[in-house]
Amino acid sequence: MSISFLYHNGSSSLYKERLIVITKGLNLEYSRTLSLVVSIDLSDNNLSGEFPKGITKLFGLVFLNLSMNHIIGRIPESISKLRQLSSLDLSSNKLFGSIPSSMSLLSSLGYLNLSNNNFSEKIPFIGQISTFTESAFAGNPNLCGTPLLIKCQDEGIDKNQSDVEDKIDGGFVDQWFYLSIGLGFAVGMLVPYFVLAMRRSWCDAYFDLVDKIVKWLLFRRRVTYARNHAQRK
């Protein structure tokens, strides 16, 4: 922490407190909000034992750095209670298990480093977790899923199932399409036939109309042919 001299006028002076917090990937300066800063940095202290769950009760915690120790165990789901947490560095420990999906609720989290641990299963790449790159999760051989290049086994199964379902749905739609065309053609051909067969008078009128149309078309063709022939002469 440093104290900056701002103003002096004879008997009165004005000073401003300033705190520069240097954490992994962040260099932040606090002045007006100095009283709100809560930071724990116990990195590289040869600490051992399980992850201290009591830390999740420090609701005003902003910076937490426990990197380069020998901490074991799982990250508790209750870590989501640290809604003010801006930087979390748990790298180079011996933490294991899955990354809790509740971490996606840490909307203030701007820096995350979980590299070089023994985390496993699929990364819950949702919410705030989806804003971090591969480097935040590197060095965990049993970890899989986005943003890592290592795909989870269930992702391949889900993709295959989706492809099969798409093919089944596509074949089902094609079958209905061709069936509807066949039914429409059959109805269009058979309905007039049955109607005309049931009413003799309608049948005679129908074919009489067809004859008149055919004769009219032939007549028009003859007239057109005669006019063209006369113009050529």
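Let's start at one residue: Pro141 counts as exposed because its relative accessibility is 62% (exposed means over 50% relative accessible area, buried under 20%, and partly exposed in between, with a 1.4 Å probe and protein chains only). Pro141 sits in the loop between S11 and S12. Leaving aside residues up to four places away in sequence, Pro141 touches Asn117 and Ile150 (a contact means heavy atoms within 4.5 Å). Asn118 is 23 residues from Pro141 along the chain, and their C-alpha atoms are separated by 7.1 Å.

Before going further, a word on what you're looking at. This is a predicted model, in which local features need pLDDT of at least 70 and side-chain atom pairs count only at pLDDT 80 or more, while totals for chains, interfaces and linings use all residues. Residues are numbered from 1 along each chain as its sequence is written, and side-chain values use heavy atoms, with hydrogens and water left out.

So how confident is the predictor? The average pLDDT of the chain is 76, and 59% of the residues score at least 70 (pLDDT is the predictor's confidence in each residue, from 0 to 100). Over residues 1–9 the pLDDT is below 50, and this stretch has 23 contacts in the model beyond near neighbours in sequence. Where pLDDT is low, the predicted coordinates should not be read in detail.

Now the overall layout. The chain has two helices and 12 strands (DSSP runs numbered from the N terminus: H or I of at least four residues for helices, E of at least two for strands). Along the sequence the pattern reads β-β-β-β-β-β-β-β-β-β-β-β-α-α. Of the chain's 233 residues, 28% count as buried. The chain exposes about 16,300 Å², with carbon and sulfur atoms supplying 58% of it (areas come from the Shrake-Rupley method with a 1.4 Å probe; for residues, only the protein chains shown count as cover). Among contacts with a separation of 6 or more, residues 24 or more positions apart account for 37%.

On to the sheet. Five strands form an open sheet in the order S5-S7-S9-S11-S12, and the pairing is parallel (two strands pair if DSSP finds at least two bridges between them). Strand S5 (48–50) and S12 stand at the edges with a single partner strand each, so one side of each is left without a neighbour in the sheet. From one strand to the next, the twist averages 25° (axes are lines fitted to C-alpha atoms, for helices over the stretch in contact, and angles run from 0 to 180 degrees between N-to-C directions).

S5 and strand S7 (residues 70–73) pair in the parallel sense over three bridges, and Ser48 has His70 in S7 as its bridge partner. S7 is then joined to S9 by two bridges, again running parallel, with Gly73 standing opposite Leu95 in S9.

Two bridges join S9 (residues 94–97) to strand S11 (residues 118–122), which run parallel, and here Gly97 has Phe119 in S11 as its bridge partner. S11 in turn pairs with strand S12 (residues 142–144) over three bridges in the parallel sense, and Lys122 has Cys144 in S12 as its bridge partner.

Which residue is linked to Cys144 by a disulfide? Cys144 and Cys152 form the link, with their sulfur atoms 2.0 Å apart (a disulfide here is a pair of cysteine sulfur atoms within 2.5 Å). A search of the whole structure finds one disulfide. The link of Cys144 and Cys152 is right-handed, with 100° about the S-S bond. Both Cys144 and Cys152 are buried.

One last stop is Ser87, which lies in strand S8 (residues 87–89). Ser87 counts as buried because its relative accessibility is 0%. Ser87 and Tyr111 are 24 residues apart in sequence, yet 4.7 Å apart in space, C-alpha to C-alpha.
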